[in-house]
Amino acid sequence: MIWHPALQGFRWQRDMRVLPTVDLSIGDLRMPFNEEVKYCILGISVTLFLIAMGILVWQLYHYCSQAPKEPVDDLLSSDGKPAKTEDLYMETQRPNFKVEKLHEEAQRLSRCLSMGSHVELPGLGNQLKGSLRFSLYYDQLQSRLVVTVLEARGLPVRDFSRSVDPFVRVRLLWAKHDNEEEKEEQSSPSLQCVLHEWQSRMVKDSSSPTFGDQFSCSMEEEDVPHTTVRFEVRDFDKFSRHGFLGEVRVSLCDVKISYPLEVLEDLQTPQKDMVGEVLLSLKYLHTLQRLEVGLLKIRALPQQSQKDKVRLYARISVLCNQFKLRHQKSTAKTLCEVTVFNEVMMFTLPDPQIRACCIVVSVYEIHAARKSSKRLVGQVTFGKGKRSEEEHWCLMMRSICQPIAKWHPLLI
């Protein structure tokens, strides 16, 4: 038999004429499932879609909240004038620009918490102005100390708004001394504890406000000479940290307050008080890029009347460029002279961040009998650029997988 292509085409056309014509539409298609299965598939699809949208919204919120804000000071030149756009662009294109800026901000935050130094805390200016008038009185019959905040005079105003919203925070600091010779010869800061803490009302837009707030507490007569009253004049800020305008300190061992004593004092440079010590261990694993902060012990002066009711816990935060990257909290322990924790917190930090970040350890106390919120006992800030803490940081960076432990002062 002879095969020819034309004969093959003719046979295909004949077969096509035999086949019936089939017209299908979308409406004629049917899924081989019952109604229950169809609704289950639809519900699963809608649920997956909602989960995907929720993850997308959470990622957008996380990205927006973690976006770094450029400080205003960075947009100013060395002479205080606004920097040009071209200069700012060329500055940001340098390879080490981000690392240097993080290092500068960490040093700035660390200097604000240096131990016992007369460092000006964030305020309204370099020059301290103004005075504070207050009165002190100890009622021997009722064993009560009465502190009255009367008024402030000549407070400085903000440069950008030409106004100030002052309030006064009062702290009673108690320090225990064995004898008078120890108190006179003591060169290092003594360990103190905050007996009471109050806050006056805020007076809006007034550089010479009148407060008239009175606070009182019960106090034994033998504790009066060991008590110092610390008045902190601050500027209220709703969206940021309250500014420091100055402070006044009065040691009750130097004054006679058996009768109401009214005092007018000029504001002085704020300084920190040592309220305890924290034993911390540091270890950095370079290969894993992991920082391990060990909270070992906290030494503080417990109050005789509340030592069984107060519990302590610590919050360890990692800051970089004044932004909190992450934090962890310890368990709460009953306060005693030396509270033992022996807990380790781990943080994953790349090499550029570990060289520019700082660690803030905040110690809080909570009362079992009270329903009020936590109260800050003190803070420890250490990292690159600190004075005494820099030695601990350098030893950690030089050590190889070995924890380095050291006591740090707890300041407030």
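Trainee: How many bridges join strand 6 to strand 7, and do the two run parallel or antiparallel?

Mentor: In this predicted model, strand 6 (residues 227–235) is joined to strand 7 by eight bridges, and the two run antiparallel.

Trainee: What joins strand 3 to strand 4?

Mentor: Seven bridges, again in the antiparallel sense, with strand 3 covering residues 166–175. Here you can look for R169, which stands opposite Q199 in strand 4.

Trainee: Back to strand 7. How should I read side chains along a strand, and is strand 7 largely enclosed or open?

Mentor: The general idea is that side chains in a regular strand alternate between the two faces of the sheet. As for strand 7 (residues 243–251), seven of its nine residues are buried, so the rest of the structure largely encloses it.

Trainee: And K329, is that residue buried or exposed?

Mentor: Exposed counts as over 50% relative accessible area, and K329 has 52%, so K329 is exposed. K329 lies in strand 12 (residues 323–329). Leaving aside residues up to four places away in sequence, K329 touches Y313, A314, R315 and M345. V363 is 34 residues from K329 in sequence, with 9.8 Å between their C-alpha atoms.

Technical notes: Residues are numbered from 1 along each chain as its sequence is written. This is a predicted model: local features need pLDDT of at least 70, side-chain atom pairs count only at pLDDT 80 or more; totals for chains, interfaces and linings use all residues. Side-chain values use heavy atoms; hydrogens and water are left out. Buried means under 20% relative accessible area, exposed over 50%, partly exposed in between (1.4 Å probe, protein chains only). Helices (H or I, at least four residues) and strands (E, at least two) are DSSP runs, numbered from the N terminus. Two strands pair if DSSP finds at least two bridges between them. Contact means heavy atoms within 4.5 Å.
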